[in-house]
Amino acid sequence: MRYLGIDPGLRITGYGCLELPASGLRIGQAPTIVEAGVFRLGKNGPEPGKSIASVSARLLELDADLRDLFDRVRPDVVAVEALFAHPKHPATAIVMAHARGVILLNVRRAGLPLVELRPREVKKSLTMWGAAGKDQMQRAVQARFGLAEAPSPPDVADAIAIALCAAERGELRA
């Protein structure tokens, strides 16, 4: 079974696709990372090398990137970070909601099951602390999957963690 985790953003959207063995996960075992990376949105701005594309252009770019990703990795389940608002940065939730809308549309269009996870839940599932920072998440993903280096940028580690949390939740229900 393949779980695709997505960390939505309007400039950088992280993704990580994990595959579970047919026999299921054993305690302490990690799924296989099929593919992980980021979509850097706005790279097709009016001037080469400048990232100043409009919001609508970025959303169109994200839509195309997601369609390609879904065709390439063929996920069985998609997990996405739930919408949240930080009191000091309320506009971030609005911006993130644009990207989430495109992601949710693509999930529905593909007819895939959707799991929405709160950031604190994902952090707690991997680090045992719901307020873990970006660096802690990167190191935790590195350790869990036995990677030579921490996933970078942090959006990749977050997406892998989102997929892992969804996969573990699915395993617990099975």
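**Close-up views of the predicted model**

**View 1. Helix α4, residues 134-145.** At 1.5 Å a residue, the twelve residues of α4 should span 16 Å, and the 17 Å between its end C-alpha atoms agrees. The expected span is 1.5 Å times one less than the number of residues. Helices (H or I, at least four residues) and strands (E, at least two) are DSSP runs, numbered from the N terminus. Residues are numbered from 1 along each chain as its sequence is written. This is a predicted model: local features need pLDDT of at least 70, side-chain atom pairs count only at pLDDT 80 or more, totals for chains, interfaces and linings use all residues, and side-chain values use heavy atoms, without hydrogens and water.

**View 2. The buried side of α4.** Met 137, Gln 138, Ala 140, Val 141 and Phe 145 are buried (under 20% relative accessible area, 1.4 Å probe, protein chains only). They cover an arc of only 165° around the axis, which puts them on the same side of α4. The arc is taken from the directions from the helix axis to the C-beta atoms. Just after α4, Gly 146 has a positive phi of about 65°.

**View 3. Contacts of Leu 126.** Beyond its neighbours within four places in sequence, Leu 126 is in contact (heavy atoms within 4.5 Å) with Met 137, Ala 140, Val 141, Arg 144, Ala 161 and Leu 164.

**View 4. An aromatic pair.** The ring centres of Tyr 15 and Phe 39 are 4.8 Å apart and the planes lie at 25°, so the pair is stacked (centres within 6.5 Å, planes under 30 degrees apart). Tyr 15 belongs to strand β2 (residues 12-19) and Phe 39 to strand β3 (residues 32-40), 24 residues apart. Both Tyr 15 and Phe 39 are buried.

How values were computed
Buried < 20%, exposed > 50% of the residue type's maximum accessible area, 1.4 Å probe, protein only. Phe/Tyr/Trp six-rings, centres within 6.5 Å; stacked < 30°, edge-to-face > 60°.
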